[in-house]
Amino acid sequence: MKNIYFTVGPTQLYPTIGKHLQTAIKNVVGSQNHRGPWFHDLFAETTQKLKTLLSIPKTYQIFFCSSGTESMERSIQNLTEKKSFHVITGAFGKRWASIAKEMGKEPELYRHPKLDSGSSLDFGSESGMTVPTDSEMICFTQNDTSTGMWIDPNLITKTKKQFPKKLIAVDVVSSIPYVDLDYKSIDTVFFSVQKGFGLPAGLGIIIVSPAAIEKADYLLKKGISIGSYHNFPTLLKYAQKSETPETPTVLHLWLLSKVLEDMLKIGIDTIRYETREKSALLYDFFKTHSKWQPFVTEQTFQSPTTLAIDFSNQTEDIKQHLQKKGIIVGSGYGEYKSKHLRIANFPAHKKEDIQNLINELSTY
Ligand SMILES: *Cc1c(COP(=O)(O)O)cnc(C)c1O
C-alpha cells in the first residue's frame, strides 16, 4: 500500500513529480552548465511562470536560496540596520525574531497574550498594533505552521497603508500558492518548495520589491554587513543575467518550472477554489466533533492549508490508527507535540484523499 502524506512539509509530492524527474534524467539536467543559454532559459522561464501564477509585479525580483529559514536570515540581514518588528502567531514567527537577535539586531515581538490558550489573535480596528517609530520592517508569519494560525492578507495590506515608510516582510512558506497577496504592499515574501508546491526540500524563493533592493544598497553603502553571495545586490546582479551567484540546485529549478507549468494549466483560481473546498470539508468535520477541535477557534484565523487539531490524550493512538491505513499526518509542533496533529491541505492533496482521511477519522 502506498502512503499518503498529510504532513506539513515535506509532504505529499505533487502528482507529476515522478514524470518530471524522468524527463530531467532524459534531458541530463544534472550536467547542464549554469552559466550558459540552457540555464538562462530555465531561470527566465521559472521566474516568469511564478510571476504569472501569483500575479507578482514586473518590477519585483525573484531570488533563489536554500530554504525558508535562510530567507528569514536574508530578510533581516538585507533589510534592517537594527530594528525589526515581529507579529508572533507561533513558533516560526519566534524563530524569525530570534534569528534577528542572533544577528545582533534588535527585534521587537508583538505577541498576543492569548496565543498560548489557542484563542485567536485580535488585531482590532486598523491593525491595532503599536509599532515603534524606529522599527524598520514589520515581519508577518502569514501562516504559522506550528499553530495553524492564519493572518488575513488584507491585514497586511492595511498595515502597509498605516505604516507606508516601513518595509513589510511576509513568510508564506506553508500557504503559497493558495494565499492571494497584494504584492505591491509587501517588500519581501519568501517560501520554500516542500510544502504547497509539493517538491522535495532544498530550494527557497525570495521575492523582493524595488524598495527592498534600495534598502539593501543603502545598508551596504553605509558599511553595514548584508552578507556575501546571497545579499540582495549580488543576487540581483546575477538575476539580471538569469543566473545565480553559486552553482544552484538546477534539478529543483527544473521541477519547480514543470510544476508551475502544471499549475498554470489548472489555473490559480481553480487551485484556490479546490483548497477552500477541501478545507471546508475538514473544518466542518471537526466543528461537529464532540472531542477533537481545531487549535485555532476563530474561523478567520484558521489556516486553510495547515490545520493544527487538538486530539488531547488520543493524539498518539489516532496517529497510529491512520498510519496503519497508509495515512501519514504530522505531529504537533514543539510544546504541542503530544496534543496536536497537523494536517496539510496543499494542491497535491486531492479531494478524495481528504475525504478518505475524514472517513478514517470518523470510524476511529
Ligand atoms: C517550514 C516553515 C519554515 C521553514 O522553512 P524551511 O524551508 O524548512 O527552512 C518557515 N516558516 C514557516 C511558516 C514554515 O512552515
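Biologist: In strand 15, which residue is the bridge partner of Ala308?

Modeller: This model is predicted: local features need pLDDT of at least 70, side-chain atom pairs count only at pLDDT 80 or more, and totals for chains, interfaces and linings use all residues. Residues are numbered from 1 along each chain as its sequence is written, and side-chain values use heavy atoms, with hydrogens and water left out. Strands (DSSP E runs of at least two residues) and helices (H or I runs of at least four) are numbered from the N terminus. In strand 15, Ala308 has as its bridge partner Arg342.

Biologist: Over how many bridges do strand 12 and strand 15 pair?

Modeller: Two strands pair if DSSP finds at least two bridges between them. Strand 15 covers residues 340-344, and strand 12 pairs with it in the antiparallel sense. The number of bridges is five.

Biologist: In what order do the four strands of the open sheet stand?

Modeller: Strand 11 pairs antiparallel with strand 12 over two bridges. There, Gln293 has Asp310 as its partner in strand 12. At the other end, two bridges join strand 14 to strand 15, also antiparallel, and Ser331 is partnered by Leu341. The order is 11-12-15-14.

Biologist: Which strands stand at the edges, each with a single partner strand?

Modeller: The sheet is open, with antiparallel pairing in the order 11-12-15-14. An edge strand has a single partner, so one side of each is left without a neighbour in the sheet. The two are strand 11 and strand 14 (330-331).

Biologist: How many of the residues of strand 12 are buried?

Modeller: Thr306, Ala308 and Asp310 point one way from strand 12, Leu307 and Ile309 the other. All are buried (under 20% relative accessible area, 1.4 Å probe, protein chains only). Strand 12 is therefore largely enclosed by the rest of the structure. The count is five of the five.

Biologist: Which element gives the most to the lining of the largest pocket?

Modeller: The largest pocket holds about 570 Å³ of space, and among its 23 lining residues, Ser279, Gln299, Thr300, Gln302 and Pro304 are closest to the centre. Helix 5 (153-162), helix 9 (268-287) and strand 11 (293-294) each give two or more residues. A pocket is an open set of points on a 1 Å grid over the protein atoms alone, where a 1.4 Å probe fits, with protein on both sides within 12 Å along at least five of seven lines; lining residues have an atom within 4 Å of a point. With seven residues, the most comes from helix 9.

Biologist: What volume does the second largest pocket have?

Modeller: A volume is the space filled by probe spheres set on the grid points, which are joined across faces, edges and corners. For the second largest pocket it is about 260 Å³.

Biologist: Which helix gives the most residues to the lining of the second largest pocket?

Modeller: The second largest pocket, of about 260 Å³, has 22 lining residues, with Thr69, Phe92, Val173, Gln194 and Lys195 closest to its centre. Helix 3 (68-79) and helix 4 (91-102) each give two or more. With three residues, the most comes from helix 3.

Biologist: How many Å separate an oxygen atom of the ligand from an N or O atom in the side chain of Thr69?

Modeller: Of the 14 residues around the ligand (a heavy atom within 4 Å), Thr69, Thr145, Asp171, Ser192 and Lys195 come nearest. Polar contacts are N or O pairs within 3.5 Å. A polar backbone atom of Gly68 is 2.9 Å from a ligand oxygen, and a polar side-chain atom of Gln194 lies 3.1 Å from one. For the side chain of Thr69, the distance is 2.5 Å.

Definitions and conventions. Buried means under 20% relative accessible area, exposed over 50%, partly exposed in between (1.4 Å probe, protein chains only). A polar contact is a pair of N or O atoms within 3.5 Å; within protein, one must be able to donate a hydrogen and the other to accept it, and residues adjacent in sequence count only if both atoms are side-chain atoms.
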